[in-house]
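Reader: I would like to go through this model feature by feature. Please give the general idea where there is one, and then the case at hand.

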Amino acid sequence: MLNLILFGPPGSGKGTQAAKLIEKYNLLHISTGDLFRAEIGNGTALGLEAKSYMNKGALVPDSVTVNMLKSKMEQHPEIQGVIFDGFPRTIPQAQALDEMLTSKGTSVTILLSLVVDDEEIIERIIKRGITSGRSDDTDPVIIQNRINTYKSQTTPVAEYYAQFGKTKVVKGVGSIDEIFENLCSEIDAVLV
Ligand code: AMP
């Protein structure tokens with residue numbers, strides 16, 4: 001199985017690149033942010049709980065997030081591999097993912113970390129907010145909280161996988177196709 005973590009701050013292009021990568025490598029795309037938004041849209045208890053954190057730009061608790069991810073993976077036992085987009089966002093989530101994959105006889109293949117500076121990120125998120133309808137994409141305070149959360153709680157995940165030589169840094173600025181080519185080169189290098 002090819003298990004890929006698409007990593008990077010909010011607005012770094014993970015969703016855009018994931019959509020292209022799933023086509024090329026025939027992978028299941030799991031975005032925990034999209035899963036939470038679907039739960040909110042369906043008015044579930046899980047959605048209601050997640051919303052209270054998302055509206056502040058904070059992380060949804062690990063146990064809630066990990067259980068949701070597990071049940072999503074159980075719905076697709078036949079898959080060839082996964083792109084994890086927006087997950088794991090904390091060290092406990094990374095450990096839970098490793099355990100889950102180990103129990104399936106597999107592991108994280110590679111973590112691709114998209115690097116984009118803060119100024120560019122804020123500009124992109126605000127632009128996305130005009131069409132996305134996401135309240136967390138329009139309020140400058142929430143956007144800043146999301147960036148701070150990424151720096152304090154999420155960046156250690158890239159360091160955690162770096163210990164195992166699995167973290168690859170990719171420039172997240174340039175054209176969508178250029179960034180895609182750079183991601184593919186890193187993936188193809190671990191596939192040979
Ligand atoms: P995203 O669409 O990935 O930018 O996620 C939007 C929001 O959903 C985040 O700001 C968090 O509040 C929540 N969220 C998404 N993924 C996770 C995760 N892995 N752990 C905790 N919260 C998450």
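Reader: How many helices and strands does the chain have?

Author: This is a predicted model. The chain has eight helices and five strands. Along the sequence they come in the order β-α-β-α-α-α-β-α-β-α-α-β-α.

Reader: How does the radius of gyration of the chain agree with that of a compact globule?

Author: A compact globule with 192 residues would have a radius of gyration near 16 Å, and the chain has 16 Å, so the two agree. Along the principal axes, the C-alpha atoms fill a box of roughly 45 × 40 × 30 Å.

Reader: What percentage of the residues is buried, and what does the accessible surface come to?

Author: Residues under 20% relative accessible area count as buried. They make up 45% of the 192 residues in the chain. The accessible surface comes to about 9,500 Å², and 52% of that belongs to carbon and sulfur atoms.

Reader: Which share of the contacts joins residues at least 24 apart in sequence?

Author: Taking contacts between residues at least 6 apart in sequence, 74% join residues at least 24 apart.

Reader: How far apart are the mean positions of the positive and negative charges?

Author: The chain has 19 positive and 24 negative charges, and their mean positions are 2 Å apart.

Reader: Turning to the strands, which of them pair with β1, and in what sense?

Author: Strand β1, residues 2-7, pairs with β4 in the parallel sense over four bridges. β1 is also joined by five bridges to strand β3, residues 81-85, and these two run parallel as well.

Reader: Which strand is joined to β4 by five bridges?

Author: That is strand β5, residues 167-171, which runs parallel to β4. V115 has K171 of β5 as its bridge partner.

Reader: Which way do the side chains of β1 point, and are they buried or exposed?

Author: In a regular strand the side chains alternate between the two faces of the sheet. In β1, L2, L4 and L6 point one way, while N3, I5 and F7 point the other way, and all are buried. β1 is thus mostly covered, with six of its six residues buried.

Reader: Why is β4 described as largely enclosed?

Author: β4 spans residues 110-115, and five of its six residues are buried, so the strand is largely enclosed by the rest of the structure.

Reader: Where is Q17 found, and what does it touch?

Author: Q17 is found in helix α1, residues 14-25. Its relative accessibility is 3%, so Q17 counts as buried. Leaving out residues up to four places away in sequence, Q17 touches L6, I176, I179, F180 and L183. Of these, L6 is one of the buried residues of β1. For a distance across the model, take Q17 and T102: they are 85 residues apart along the chain, and their C-alpha atoms are separated by 26 Å.

Reader: Where is L191, and which residues is it in contact with?

Author: L191 is found in helix α8, residues 176-191. With a relative accessible area of 46%, L191 is partly exposed. Apart from neighbours within four places in sequence, L191 is in contact with L2 and Y25.

Reader: Where does N26 lie, and is it buried or exposed?

Author: N26 lies in the loop between α1 and β2. With a relative accessible area of 57%, N26 is exposed.

Definitions and conventions
Residues numbered from 1 in each chain as written. Predicted model: local features only at pLDDT ≥ 70, side-chain atom pairs only at ≥ 80, totals over all residues. Heavy atoms only, no water. Rg over C-alpha atoms; globule rule 2.2 N^0.38 Å. Buried < 20%, exposed > 50% of the residue type's maximum accessible area, 1.4 Å probe, protein only. Contact = heavy atoms within 4.5 Å. Areas by Shrake-Rupley, 256 points an atom, 1.4 Å probe, with all protein chains shown as cover. Lys, Arg positive; Asp, Glu negative; His and termini not counted. Charge placed at Lys NZ, Arg CZ, Asp CG, Glu CD. Pairing = 2+ DSSP bridges.
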